[in-house]
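Q: Could you take me through this structure feature by feature, giving the general idea before the particular case?

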Amino acid sequence: MASNACAQIPPVSSDYTPKGTYETIAGFKTYVIGPKDPQTAIIDIYDIFGLAPQTLQGADRLSASLNALVIVPDLLEGVYVQRAWLPANTDEKKAALAKFLSQQAAFPKGVGKLIEVRKVAGEKWPSIGDRWGVFGLCWGGKLAVMACGKGNEGPGRVFKVSGTAHPGALEAEDAEALTAPHICLASPGEPADVVAQYKEILVKPGKVGVVETYETMFHGWMGARAKLEDEKNRSEYERGYNQVAEFFAKYL
């Protein structure tokens, strides 16, 4: 599944009012924020709770920090993990969550949708050229990493930089396959041994990356579970998005 922690902690609410607008791109409802004539862009992929205010606030922060176009496509097409399934502590809840993750949220299916959005968005904003990045939260982070492995090349397809926060379904093989600079911001909610492997891989010759664990945070602190009324979470949320923006600025 996206992460073991995903089955235990429901998302929190936020009163943030997003600053962007919605458009349809490649058939997907898509949140859009950024300058009218962008020179750089990021596809920002949410976690399995969808278009949460905390996630859209993060998109707004990335756009403002980089003066970049940031788009958040609704790749799950309005079908998200339900709060009633969490915590997944009954057979019925476990079955519902497993079905969602294996069908609606299947990783290969999501990557295919992401690549199609990249193609259509590239045509819509030709001023960007190949200066596209991809960033994802948990489930979305897995899609970002997979899209930057084999096949990450060519007009309308390439991503120049990638990143993830509280990554889902971490596998060292994904890090080995990466063809773009990558930033991975982990929490103690992810497997520490695989996070360590990521760090070892991304310092090898030919690789470029940053791996950091936010030791006081939890799985979801930059996404739908962000508790922005909490001072510590708010501070680390801001630090995380600033760190991602600084990394992306080097390669876009």
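Q: In which loop is Ala26 found?
A: Bear in mind throughout that this is a predicted model. Ala26 is found in the loop between β1 (21-25) and β2 (28-33), and its phi is positive, about 55 degrees, although Ala26 is not a glycine. As a general idea, most residues other than glycine have a negative phi. At 27% relative accessibility, Ala26 counts as partly exposed.

Q: His166 also has a positive phi; is His166 buried or exposed?
A: His166, whose phi is about 35 degrees, counts as buried because its relative accessibility is 0%. His166 lies in the loop between β6 and α5 (172-177).

Q: What is the peptide bond from Leu86 to Pro87, cis or trans?
A: In general, most peptide bonds are trans. The bond from Leu86 to Pro87, however, is cis, with omega near -5 degrees, and Pro87 is found in the loop between β4 (69-73) and α2 (91-102).

Q: How many disulfides are there?
A: A disulfide is a covalent bond between the sulfur atoms of two cysteines. With a cut-off of 2.5 Å between the sulfurs, the count here comes to zero. Cys148 is in no disulfide, the nearest cysteine sulfur being that of Cys184, 13 Å away. The sulfur of Cys184 is in turn 12 Å from the closest cysteine sulfur, that of Cys138, and is therefore too far for a bond. Cys148, at 0% relative accessibility, counts as buried, and Cys184 counts as buried at 1%.

Q: Which residues touch the most other members of the largest nonpolar core?
A: That core has 82 residues, of which Ile71, Trp132, Phe135, Trp139 and Met222 touch the most other members. The largest share of this core, six residues, comes from helix α7 (residues 231-251).

Q: What do the buried residues of α7 pack against?
A: In an α-helix there are 3.6 residues a turn, so residues three or four places apart point the same way. In α7 the buried residues include Asn233, Glu236, Tyr237, Gly240, Tyr241 and Val244, and the buried residues of this helix pack against elements that include β3 (41-45), α1 (53-66) and β5 (132-137). At the start of α7, a side-chain oxygen of Asp230 reaches to within 3.2 Å of the backbone nitrogen of Lys232.

Q: What is the mean pLDDT of the protein chain?
A: The mean pLDDT is 94, and 94% of the residues reach 70 or more. Over residues 9-13, however, the pLDDT is below 50, although this stretch has 16 contacts in the model beyond near neighbours in sequence. Where pLDDT is low, the predicted coordinates should not be read in detail.

Terms used
Residues numbered from 1 in each chain as written. Predicted model: local features only at pLDDT ≥ 70, side-chain atom pairs only at ≥ 80, totals over all residues. Heavy atoms only, no water. Core = buried A, V, L, I, M, F, W, Y, C linked by side-chain atoms within 4.5 Å. Buried < 20%, exposed > 50% of the residue type's maximum accessible area, 1.4 Å probe, protein only. Helix = DSSP H or I, 4+ residues; strand = E, 2+ residues; numbered from the N terminus. Contact = heavy atoms within 4.5 Å. Polar contact = N/O pair within 3.5 Å; in protein donor to acceptor, adjacent residues only side chain to side chain. pLDDT = per-residue confidence, 0-100.
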